[in-house]
Amino acid sequence: MARRLIHARSGGAFSLGTKLTVAAPYLWLLGFFLVPFIIVVKISLSETALAQPPYAPALDVAAGWQGIQDFFAGLSFANYLTIAGDNLYVFSYLKSLKVAAVSTAILLLCGLPLAYAMARAPRAVRPLLVTLVVLPFWTSFLIRVYAWINILQRDGLLNQVLMWLGLIDQPTTWLATDTAVYIGLVYSYLPFMVLPLYASLEKLDETLLEAAADLGCPRWKAFFAITIPLALQGLGAGALLCFIPIVGEFVIPDLLGGSDAVMIGQTLWMDFFANRDWPVASAVAVMLVGLLMVPIAVYQHLQTREIEGR
Amino acid sequence: MRRGFAPWADPTAAPLVRFDNVSKRFGDVAAVDRLSLDVYRNEFFALLGPSGCGKTTLLRMLAGFEMPDEGRVLLDGRDIAAMPPHRRPVNMMFQSYALFPHLSVAGNIAFGLRQDGLAKAAISARVDEMLALVKLEGLGSRRPDQLSGGQRQRVALARSLAKRPQVLLLDEPMAALDRKLREETQFELMDLQVRLGLTFVIVTHDQEEAMTVAHRIAVMDRGRIVQVATPAEIYEQPRSRWVAEFVGDINLIEGVVLASGAGEALIADKGGRRFRVAADVAVGTQVFIALRPEKVRILPAPAPPDAPNTMHGRVWDIGYLGGVSIYKVRLDDGAVVKASVANVARLTGQAIGADDEVWLSWPPDAGVVLAS
């Protein structure tokens, strides 16, 4: 396979259509990710100012070469130093990573059996099951999180059910705790874990499990020896699809969580909208991207290895 | 080993595998219908039949993937109904090979051995032995998707042999190979079976394959066995019209028995021709004479008056297969009889061509009389 690729490359035989097809996603990324990101990086190197836009220096192209020189002279890494030196930001980052890691782990534990059951269900009911998993998307995400406020509050459904079952005698405080955040995150992100897992488990050839049994491997053991390794790609995709957005999650911790330890998304929001400090907020965002590069790079590396067959 | 090996003829021999009145239904369809069958130790046994005849279901019952609805499956005299697949001392080579894509060739072959908790050194020694056995030395670290179809087939074989199963089950093991490779592999399988002293049960729809490799063949149709016999018996002594037509090429001549005695019957066909056939059948019975094309002689001139069972017609079609040619001869009354001739000499021009007038003849012991 690799040889064929090299051959095609050295022959320079890519047609115009192929070039355009390959170019399309790159152009998309350039226009909608790279350019905005460069603008954010630029803002993060600026200083906050009482102006419109609320930062300085502004690039004054009309002033010619001098203007550009002034502009670059005005940039500094001061905001990054502020962030690194302020415990609030460091704790926010760590808190976000912790919340994302724990909820991804819970999502794996919940999503794997669910996806497995779906993939093993009779072929005729599988489309229905997939629809059921996606069904929550039919109502607004915000409304669903508000519904959780209702469920989790002191006289909410959860406390009522627990008291009716006799598990607690006093209403417990759920809202404004980390538990509430985890409940909200796991609830909201479950489809993102289940769908890629389901896709990879559904492809699994049943005869492989028969072959394993035939060779003396009991069914429970075959799950770990065959099913899990072959679903690894779906597992990785699901985990990252959850982990990465959860790190930057804002709505769920803001509505369900407490105010004692905020996640980085909330810090970012406060800097942007409450403090109107765009440069620091931009620096926070840039560092978040840098932070997320690590898991993304790991995933990319794993995928390439998978494709090359090691 | 092959010559004189006939435990099925020995009434004191105990079978290694016994299907005892086994039935298996899927919905309303009986995939296997009150079937009994014995397979003996060291036998290479073939289950032959068209698709959907229940041969694979039978194999899967032996492996433990299907449970019989009725009857018993015995292995070495023990009922194995309660034994799950992973405990059965049989291994299967799957039609799709079912190689584990995330494991190397060596990892695939070692998989079964690891389940037995063998020591690492013992496992790697056995893996090397298996790789040598199927001539894949040096490919142990490859992944299945880096192998050719023929190599994958060998890995599947090595993996299923690694545990030295009491019975090796082969489900259409050569279906995905091209003809040349398939023939080679058939002979290698026979060689392996003898060398390792194992019992093989192969499922195939390819009658040539079954006849090549097997000591005995069970011909199956709609969940039942129609005949169990050696390849030669199946070919030369088919028990029914169905077997005769399924295995090999055949001419069927419908007729009525006019006279019978001294081991020979006189049979008249619809066209009024009379044939002498070596058989004992009651006078007046409606029968079929089954006649293999290679046993029919084809002559360009009138047959001598003492020639038995002669027919006259014109060549309608010739199939040249290289080694043999098949002549389709249309008789005077429109019936078509096939005669095959070995092309002993190099052909430059056809000795007998299309539309030539020909005479056919066959000896009385060449035909088999089948009651309907």
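## Helix α12 of chain A and helix α5

The axes of helix α5 (residues 87–120) of chain A and α12(A) come within 9 Å and cross at roughly 150°. Axes here are lines fitted to C-alpha atoms, for helices over the stretch in contact, and angles run from 0 to 180 degrees between N-to-C directions. This is a predicted model, in which local features need pLDDT of at least 70 and side-chain atom pairs count only at pLDDT 80 or more, while totals for chains, interfaces and linings use all residues. Residues are numbered from 1 along each chain as its sequence is written, and chains are lettered from A and ligands numbered from 1 in the order in which they are written.

At this angle α5(A) and α12(A) are roughly antiparallel to each other; angles under 35 degrees count as roughly parallel, over 145 as roughly antiparallel, 65 to 115 as roughly perpendicular and the rest as oblique. The crossing of α5(A) and α12(A) is right-handed, a crossing being left-handed if the near helix is turned anticlockwise from the far one by less than a right angle, and right-handed if clockwise. From α5(A), the contact is made by Ser96(A), Leu97(A), Val99(A), Ala100(A), Ser103(A), Thr104(A), Leu107(A), Leu108(A) and Gly111(A). The contributors from α12(A) are Gly238(A), Ala239(A), Cys242(A), Phe243(A), Ile246(A) and Val247(A). Two residues are in contact if their C-beta atoms, placed from the backbone, lie within 7 Å. By class, the contact of α5(A) with α12(A) has ten nonpolar, five polar and no charged residues. Ala, Val, Leu, Ile, Met, Phe, Trp, Tyr, Cys and Pro count as nonpolar, Asp, Glu, Lys and Arg as charged, and the others, Gly among them, as polar.

## Helix α12 of chain A and helix α9

Helix α9 (residues 178–202) of chain A also packs with helix α12 (residues 232–247) of chain A: their axes come within 7 Å and cross at roughly 160°. α9(A) and α12(A) are therefore roughly antiparallel to each other, and their crossing is right-handed. The residues of α9(A) in this contact include Leu185(A), Tyr189(A), Phe192(A) and Met193(A); among their counterparts in α12(A) are Leu235(A), Leu241(A), Cys242(A) and Ile246(A). By class, the contact of α9(A) with α12(A) has 13 nonpolar, four polar and no charged residues.

## Helix α15 of chain A

Gln300(A) lies in helix α15 (residues 278–308) of chain A. Gln300(A) is exposed, with 12 other C-beta atoms within 10 Å. A residue is buried if 20 or more other C-beta atoms lie within 10 Å of its own, exposed if 12 or fewer, and partly exposed in between; C-beta atoms are placed from the backbone. Gln300(A) and Lys19(A) are 281 residues apart in sequence and 23 Å apart in space, C-alpha to C-alpha.

## Contact between the chains

The contact takes 15 residues from chain A and 19 residues from chain B. On the side of chain A that touches chain B, the elements that give two or more residues are α10 (206–214) and α11 (219–230) of chain A. The largest share of this side, six residues, comes from α10(A). Its residues divide into nine nonpolar, three polar and three charged.

## Overall form of chain B

Chain B contains eight helices and 20 strands; helices (H or I, at least four residues) and strands (E, at least two) are DSSP runs, numbered from the N terminus. The C-alpha atoms of chain B fill a box of roughly 80 × 50 × 40 Å, taken along the principal axes. Buried residues make up 39% of its 372 residues. Among contacts in chain B between residues at least 6 apart in sequence, 64% join residues at least 24 apart.

Nine of the nine residues of helix α1 (residues 55–63) of chain B are buried, so this helix is largely enclosed by the rest of the structure. Lys55(B) and Arg60(B) are among the buried residues. Gly64(B), with a positive phi near 100°, follows α1(B).

## An open sheet in chain B

Five strands of chain B form an open sheet in the order β13-β12-β11-β14-β20, with antiparallel pairing. Two strands pair if DSSP finds at least two bridges between them. β13 and β20 (367–370) of chain B stand at the edges, each with a single partner strand, so one side of each is left without a neighbour in the sheet. Neighbouring strands of this sheet are turned by 40° against each other on average, direction ignored.

Strand β12 (residues 264–269) of chain B is joined to β13(B) by four bridges, and the two run antiparallel. Ala265(B) stands opposite Val277(B), and Leu266(B) opposite Arg276(B). The hairpin of β12(B) and β13(B) has four residues between the strands, and in it Gly272(B) takes a positive phi near 90°.
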